[in-house]
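I opened the model today to look up its salt bridges, its chain contact and its nonpolar cores. My entries follow in the order in which I made them.

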Amino acid sequence: MASVVLRPAGATSGLAASLAVITMPRIGVWHATLHLASEVKPKGRVEIQAGPLALSGTVDRVGLEAGGVRVRVVAGAGRLGNAAKPRHYTSPVVRMPLDDLARDAGESLSPTCDAAVMNRTLLAWTTLGVGTGAMISTLMEVVSDLPELAKDDLGWRLLGDGTLWAGRETWPASLATDYRIVEQSPEDDVLVLGVTLPEVLPGTTLLERHVDSVEHTVTPDQILTRVWLAS
Amino acid sequence: MKCRLTGPLLALARHSDTRSPYRASYRARVVSQSADWLRVDVQPDDPLLPVMANVYLHHGVPGLRVKLRLRDEPPVFVMVGWLDGSPTKPFAAIWAPTSPSNVEALAFPTQDRLDLGQRDAIDAVIKGTAYREAEQEMNGAPLVGLAATYSAMALLCVGPLLPLKPGFTALAKAITTFEAKSETFLSEIVRTG
């Protein structure tokens with residue numbers, strides 16, 4: 001059974017969480033809430049290790065509670081909620097506004113971004129001074145409307161290493177093999193799995209279904225993974 | 001102004017339709033115009049919008065092109081928006097009330113008719129080039145003949161008629177010079193009213 005450890009970025013040791021809830025959407029920003037038996041308030045860039053799952057994020061909020069602190073960590077630099085810098089482009093490739101959006105927010109693009117999407121040319125693009133995440137969603141939504149990409153499933157998300165990925169979903173097979181179905185709601189396309197490791201990731205294929213979003217709840221006794229299947 | 005209770009709800013509502021800001025139009029000052037008059041660079045008033053370059057003008061009149069005279073005062077304002085709410089399709093349209101001196105020229109490249117300053121006008125704008133060519137053709141032979149006559153009369157001015165010679169010579173030259181130059185007197189820039 002994996003334990004969840006929170007440590008400052010670059011450090012080799014950290015604090016174990018008595019409870020960790022890690023939410024990973026297929027489109028958007030992962031975040032985690034950890035209960036730590038400590039009176040020290042973590043801050044700044046941190047790393048979360050949950051078995052094979054390594055996450056790089058930033059402490060967003062932290063508060064004291066009985067016997068410890070409760071910490072919310074947001075992926076990457078945690079600034080995609082900030083207003084984007086307004087910019088206008090004439091005939092840009094998708095990478096240009098996306099790269100500027102990420103960089104202006106203190107984030108960086110993943111080298112694994114889909115080149116076929118990144119190099120697609122738009123007639124024009126206007127970035128407004130609204131939330132950066134909303135702008136990225138709008139950009140990818142517009143790209144997904146391009147006729148040549150209409151049949152593909154496009155997505156974007158902050159990866160575990162904190163970088164921004166965008167592109168066509170390839171739906172690789174999930175690495176999770178050791179699991180049991182604890183609960184299922186077929187009417188909602190939701191599964192709850194009992195697992196030994198938090199391995200299920202968004203954008204993968206599990207039980208011949210596409211995994212949309214995932215929430216891992218890790219306690220010292222068990223790990224439950226709630227899976228929202230893509231419709 | 002943010003409310004902990006309603007703020008997240010509003011954020012959710014905005015997130016559910018991320019294109020909503022692109023369905024509005026915003027006032028912007030025109031800062032420059034392309035050489036073909038078709039596009040403008042604009043500075044929107046709203047700080048949420050960037051300076052936007054190469055934005056196509058949609059005048060609302062098919063084929064119309066307008067050349068602007070852009071100065072600091074009076075400024076020229078237009079509304080900017082996006083077709084279909086798509087951030088890839090910006091356009092500028094709907095001129096704010098502005099000084100007539102901001103409009104330098106109008107052009108209808110595919111039209112052969114232009115009615116400006118009309119109310120109950122009865123005078124038509126003539127087809128200047130065609131009219132002048134016809135007039136020149138009509139005038140050609142008589143004027144050449146008249147110039148030749150004056151030249152011949154100047155040659156006959158000898159003896160007591162000699163003081164008349166400069167006059168006939170000048171008349172012949174004036175006719176020839178005017179007829180040669182007058183074909184270039186057609187304007188490409190038209191003033192109405």
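I began with A:Arg120, which forms a salt bridge with A:Glu148, their closest N and O atoms being 3.4 Å apart; I counted as a salt bridge a side-chain nitrogen of Lys or Arg within 4 Å of a carboxyl oxygen of Asp or Glu. This pair links distant parts of the chain, 28 residues apart, with A:Arg120 in the loop between helix H2 (115-118) and E8 of chain A and A:Glu148 in the loop between H3 and strand E9 (154-158) of chain A. Helices (H or I, at least four residues) and strands (E, at least two) are DSSP runs, numbered from the N terminus. A:Arg120 counts as partly exposed at 24% relative accessibility, and A:Glu148 counts as partly exposed at 41%; the classes are buried under 20% relative accessible area, exposed over 50% and partly exposed in between (1.4 Å probe, protein chains only).

I note here that this is a predicted model, in which local features need pLDDT of at least 70 and side-chain atom pairs count only at pLDDT 80 or more, while totals for chains, interfaces and linings use all residues. Residues are numbered from 1 along each chain as its sequence is written, chains are lettered from A and ligands numbered from 1 in the order in which they are written, and side-chain values use heavy atoms, with hydrogens and water left out.

I then went to A:Arg7 and A:Glu47, whose side chains meet in a salt bridge (3.0 Å, N to O). Because A:Arg7 lies in strand E1 (residues 4-8) of chain A and A:Glu47 in strand E4 (residues 45-50) of chain A, the pair ties together parts that are 40 residues apart in sequence. A:Arg7 is buried, with a relative accessible area of 17%, whereas A:Glu47 counts as partly exposed at 23% relative accessibility.

My next pair was A:Glu169 and A:Arg157, a salt bridge with the closest N and O atoms 2.7 Å apart. A:Glu169 sits in the loop between strand E10 (164-168) and strand E11 (179-185) of chain A, and A:Arg157 in strand E9 of chain A, 12 residues apart; both A:Glu169 and A:Arg157 are buried. I also found A:Arg87, A:Asp99, A:Asp100, A:Arg103 and A:Asp104 linked in a network of salt bridges, and over all chains the count comes to 19 salt bridges.

How many salt bridges are there between chain A and chain B? I count two, and in one of these the side chains of B:Arg19 and A:Asp145 meet (2.6 Å, N to O). H3(A) gives the most to the side of chain A that touches chain B, with six residues. The contact (heavy atoms within 4.5 Å) takes 20 residues from chain A and 20 residues from chain B.

Last, I looked at the largest nonpolar core, where A:Leu34, A:Ile48 and A:Val143 touch the most other members among its 78 residues; such a core is a set of buried Ala, Val, Leu, Ile, Met, Phe, Trp, Tyr and Cys residues joined through side-chain atoms within 4.5 Å. H3(A) supplies the largest share of this core, six residues. Leaving out residues up to four places away in sequence, A:Val143 touches A:Val94, A:Val117, A:Leu122, A:Leu149 and A:Leu154. A second, separate core has seven residues, including B:Ala154, B:Cys157, B:Phe168 and B:Ile175.
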